[in-house]
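Let's take a walk through this one together. Have the sequence and the model side by side, and we'll go stop by stop.

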Amino acid sequence: MDVVTQLLGIIVPLLALAAFVIPLLSLYIKKKGFFDVYVTGFSTLALLISFFTALKVINTGKPLLYAYGGWPPPLGISYEIDSFNAVLGVLTAGIMWFIVLYSVWYSSHMDSYVWYYTLLLGLETGLLGCLYTGDAFNLFVMIEVLSISAYGLVAYYRNKPQAIEAAIKYGMIGAVATTLYFLALVFIYASFGTLNMADISLKAHQLPFFNLISNDIYGHIMAASAVALALALWAFTFKSALFPNHFWLPDAHPEAPTPVSAALSGLVVNVGVYAIIRFMYTIFGKASIVGTIGFRDVVLWALLILGIVSGLVGALLMIVQSDVKRLLAYSTISHIGLIYMGASIGLSSVSQESMSLGLTAALFHIINHSVGKALLFMATGILIWAAGTRDLDKMSGIGRLYPAASLAILLGFFQLMGLPPFGGFFSKLLLYQALISAGLIIPAVMVILISAISILGYIKAMYALIFLPPGSEMTKKPGTGLASAVVLVLGVTCIILGILAPFYIIPWLNNVVSTSLTYQGVLNYINVFREALLKLMPG
Amino acid sequence: MIELETYFFTILVLSMFVNLGLALYGVLARPSLVKKIIALTILSDTANTFAIIVGYARWPSPTLPIKPPVLTNLNPSQVDILVFSQQAVDPLPQALVLTAIVIGLAVTLFLVFLTLQAYRLYGTTDVRKISKLRG
């Protein structure tokens with residue numbers, strides 16, 4: 001096994017260990033600077049490893065498999081990275097790196113940074129673990145790691161009543177959602193006799209394979225897969241705040257510390273989308289048993305309709321918000337709706353080309369939304385800190401005092417709005433084209449409608465923050481250099497994503513999707529698992 | 001005439017579904033946070049029991065005599081292993097349940113802390129009053 005694969009296996013346990021060591025170290029080391037360097041160092045390491053993993057996966061065009069403890073896949077936990085989750089891993093580790101840098105500035109205004117840093121590294125552990133794992137039960141464990149860190153961070157200001165209420169809402173229903181996912185796993189294990197994603201996929205696609213290690217299929221697997229899918233989707237739509245399950249997000253995201261709002265809105269919601277794509281395309285794809293009985297189409301239609309509703313609800317409710325972080329939280333719901341519209345394109349009537357186009361649009365929109373939303377939360381965080389309030393009316397014109405942050409805010413809003421030279425425009429355009437080519441005219445029109453409605457909300461926020469004249473009592477507080485630099489770099493990334501999109505990024509992402517989520521990609525995913533298993537067999 | 005064993009098994013599975021429904025009702029509809037947490041633990045315990053049932057091997061049965069699933073030889077023959085694998089329960093669901101219990105402990109503890117903190121801040125654990133008190 002080469003170095004990259006070894007490092008891939010190390011990174012998630014290492015991050016978890018690093019997180020738990022922080023409180024112990026804080027007993028002896030009282031300097032904040034040490035912990036800044038410590039957390040930045042580990043997140044840099046995560047970024048490098050995820051980057052080299054992605055490089056290797058995309059160069060070889062073959063999924064990478066790491067089996068923990070040397071146990072081959074159906075027996076032990078394994079990480080399996082195809083090009084799709086490799087790209088999402090780099091995105092997550094990259095944005096997390098910026099968030100950690102920003103946290104260095106932000107946590108200097110906090111009472112205690114120790115638990116904050118612990119939970120932040122825990123969040124990164126959970127995010128990378130969820131994305132990289134190739135085992136459905138490990139996904140459950142990692143979702144719980146992610147969730148507990150997220151609940152803790154939402155309730156971080158524990159003397160604020162609103163924060164506690166938001167955390168209770170998020171935590172209570174979140175615990176129900178993950179328990180239901182556990183129940184789904186019980187159904188999957190009972191019928192498929194395995195929890196490895198590639199192995200479930202192999203059996204769900206009814207491919208021939210002699211299984212000495214993994215159990216045989218038991219009982220009525222179509223019914224069991226349908227029940228399991230229904231339960232699992234409830235959990236994942238909760239995590240990604242799709243329409244009927246979105247109620248917790250506008251409370252929870254604004255109450256968290258600003259960098260965490262950026263992580264929750266920019267990255268945590270992606271995990272739910274990723275898990276649904278993994279379940280609907282890799283495990284229960286078009287050719288699988290669930291696809292042949294038409295249940296998959298029902299689920300995808302439901303996701304498409306909920307995506308549209310979610311987009312509309314988010315865009316409409318965004319307009320009436322007066323709290324800037326709540327406004328951004330509703331914008332997240334709206335964008336998640338758009339992403340789901342792209343992700344639910346794999347209906348049985350849709351051709352392979354349209355499907356990969358739609359998934360490319362979803363992936364590109366995930367990237368654009370993550371960059372834009374993380375940028376906006378962090379940049380408005382500077383202004384919120386300066387104004388001491390989140391109320392748009394009281395913050396009017398504060399942006400004039402911070403030109404760098406204001407420039408970044410403008411770039412971020414343009415990105416989310418979908419103004420032509422920015423990435424957001426190209427992903428929405430691609431989504432529109434994909435839906436048209438799939439013959440889904442009404443959803444395609446809805447993409448435009450949702451974008452049009454949401455522009456009102458964005459303009460309201462931009463106008464209040466930047467274009468109104470500043471109040472006379474406002475004075476500029478110094479010391480925002482690092483934070484401004486972080487948001488400006490993200491702002492420039494938005495422009496680069498847009499300028500390179502038509503020539504370079506979209507073809508590249510299309511290649512990523514077609515090597516991972518199409519039928520051929522799923523076969524590759526299964527084959528890597530098979531090879532790992534065959535190594536064990538004598539002869 | 002239904003076999004007694006099948007009858008009990010059906011009752012067991014059905015009662016667990018009822019349990020799931022009751023627990024969901026408790027979490028979603030009861031106003032008291034403490035009762036919500038109790039319902040949540042019932043929900044996760046039901047899911048755990050469900051996992052245990054999946055690993056259940058129908059033993060003892062007429063074809064397999066009552067003998068604990070223990071390997072008595074140091075170097076078991078193939079026949080020994082075959083008999084053992086038919087008698088022993090599937091260990092994986094138990095490992096899953098162990099993990100789920102530990103995770104459930106952490107989540108429950110966190111929610112209990114939040115409830116305590118909510119009581120300190122709001123003076124009540126009734127969610128209806130809490131949402132009214134929020135300014």
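Start with α14 of chain A, the helix covering residues 352-387: its 36 residues reach 51 Å from the first C-alpha to the last, close to the 52 Å expected at 1.5 Å a residue. Keep in mind as you look that this is a predicted model.

Now check what surrounds that helix. Of the 36 residues in α14(A), 32 are buried, so the helix is largely enclosed by the rest of the structure. Step past its end and you land on A:Gly388, which follows α14(A) and has a positive phi, near 75 degrees.

A positive phi turns up elsewhere in chain A too, at A:Ala241, and this time the residue is not a glycine: its phi is about 60 degrees. Where does A:Ala241 sit? Look in the loop of chain A between α8 (221-239) and α9 (249-255). And is A:Ala241 buried or exposed? Count the other C-beta atoms within 10 Å and you get 26; the cut-off for buried is 20 or more, so A:Ala241 is buried.

Over to chain B, then. Its secondary structure is quick to describe: five helices and zero strands, which along the sequence gives the pattern α-α-α-α-α. Chain B has 135 residues, and 19% of them count as buried. As for its contacts, take those between residues at least 6 apart in sequence: 57% of them join residues at least 24 apart.

Conventions. Residues numbered from 1 in each chain as written. Chains lettered and ligands numbered in written order. Predicted model: local features only at pLDDT ≥ 70, side-chain atom pairs only at ≥ 80, totals over all residues. Helix = DSSP H or I, 4+ residues; strand = E, 2+ residues; numbered from the N terminus. Expected span 1.5 Å × (residues − 1). Buried ≥ 20, exposed ≤ 12 C-beta atoms within 10 Å, placed from the backbone. Contact = placed C-beta atoms within 7 Å.
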